[in-house]
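Please keep the sequence and the model at hand while reading the points in order.

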Amino acid sequence: MVPEAKKTRRKPRADSVRNREILLKAATEIFSAGGPQASLEAVAKKAGVGIGTLYRHFPSREELFEAVYRHEVDQLCDLALTLGHETDALAALRQWLQANVRLVATKKGMMQTLQLAVYGNPQLKASSTARMVEALDMLLKRAIAEGSLRNDISAEDLLRTLIGIYYAQPEENWQAKALKLLDIFLDGLRAKA
């Protein structure tokens, strides 16, 4: 009896990887402007691919929503890793939190869509929250170790505060007000001399 050959998974073709990235970018733009009702045909058209290509990568609307959400989380986590090498830990933390606010501000039209993805998949919510907390925790611990911040706040608390700032703001001039509140909050967390 001949043993069954191990199945090896081929790396995706370069054009397939490129198409997926183009589709994610297009979906982000379309959903940001049109919310969850935006058509998948519009996403494919914006990406410059056929609808069949979209469905090969994302067989359902929900899978596309989830992929866009995961992509957004990936970007924020990658930014935290990059900022983790900055010499001023408090400035790095502030920059990451501001990037979160800017991301949400540009995605206001897509928030309902992203919530559908997250709340429809508890595992996605748990894993993305854990990744965000881990990224934030790294930056927060550096600022605490540097002596810039008090040591009585956790990454979970800071993330909850950030989410509260998102939802507490009225539509008009939302981003500027959120960034101001964030600065006030961070100033209140400074270590006392």
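1. A residue is called buried when its relative accessible area is under 20%, exposed when it is over 50%, and partly exposed in between (1.4 Å probe, protein chains only). Helices (H or I, at least four residues) and strands (E, at least two) are DSSP runs, numbered from the N terminus. In these terms, the buried residues of helix 9 are Trp-174, Ala-178, Leu-179, Leu-182 and Leu-186. They lie on the same side of helix 9, because they cover an arc of only 120 degrees around the axis, the arc being that of the directions from the helix axis to the C-beta atoms. On the other side of helix 9, Lys-180 and Ile-184 are exposed. An α-helix has 3.6 residues a turn, so residues three or four places apart point the same way.

2. Some words on the source are needed. This is a predicted model, in which local features need pLDDT of at least 70 and side-chain atom pairs count only at pLDDT 80 or more, while totals for chains, interfaces and linings use all residues. Residues are numbered from 1 along each chain as its sequence is written, and side-chain values use heavy atoms, with hydrogens and water left out.

3. The confidence of the prediction should be considered next. The pLDDT is the predictor's confidence in each residue, from 0 to 100. The chain has an average pLDDT of 85, and 83% of its residues score at least 70. Among the elements, helix 3 has the highest mean pLDDT (94), whereas helix 6 (residues 111–119) has the lowest (66). Where pLDDT is low, the predicted coordinates should not be read in detail.

4. As to the overall architecture, the chain contains 9 helices and 0 strands. Of its 193 residues, 41% count as buried. Contact here means heavy atoms within 4.5 Å. Among contacts between residues at least 6 apart in sequence, 70% join residues at least 24 apart. The chain exposes about 11,500 Å², of which carbon and sulfur atoms supply 54%; these areas come from the Shrake-Rupley method with a 1.4 Å probe, and for residues only the protein chains shown count as cover.

5. What length should helix 9 have? The expected span of a helix is 1.5 Å times one less than its number of residues. For the 15 residues of helix 9 (residues 174–188) this gives 21 Å, and the end C-alpha atoms are 21 Å apart, which agrees. Helix 7, with 24 residues, reaches 34 Å from its first C-alpha to its last, close to the 34 Å expected.

6. A nonpolar core is a set of buried Ala, Val, Leu, Ile, Met, Phe, Trp, Tyr and Cys residues joined through side-chain atoms within 4.5 Å. The largest such core has 37 residues, and those with the most contacts inside it are Leu-93, Trp-96, Leu-97, Val-101, Leu-136 and Leu-158. Helix 4 (61–83), helix 5 (89–106), helix 7 (122–145), helix 8 (155–168) and helix 9 each supply at least two of its residues. Helix 5 gives the most, with 9 residues. Leaving aside neighbours within four places in sequence, Trp-96 is in contact with Leu-76, Leu-79, Ala-80, Leu-83, Met-132, Ala-135, Leu-136 and Leu-139. Apart from this core lies another, of 18 residues, among them Leu-23, Val-43, Val-49 and Ala-67.

7. Is Arg-142 buried or partly exposed? Arg-142 is in helix 7, and its relative accessibility of 26% makes it partly exposed. Not counting residues up to four places away in sequence, Arg-142 touches Leu-83, Gly-84, His-85, Glu-86, Thr-87, Ala-89 and Ala-92. Arg-142 and Leu-93 are 49 residues apart in sequence, yet 8.7 Å apart in space, C-alpha to C-alpha. Just after helix 7, Gly-147 takes a positive phi of about 90 degrees.

8. Finally, helix 3 (residues 51–57) includes His-57, which is buried at a relative accessible area of 18%. With neighbours within four places in sequence left aside, His-57 is in contact with Ser-16, Asn-19, Arg-20 and Leu-23. Of these, Ser-16 is found in helix 1 (residues 14–34) and counts as partly exposed at 26% relative accessibility. Lys-25 also lies in helix 1; with a relative accessible area of 54%, Lys-25 is exposed.
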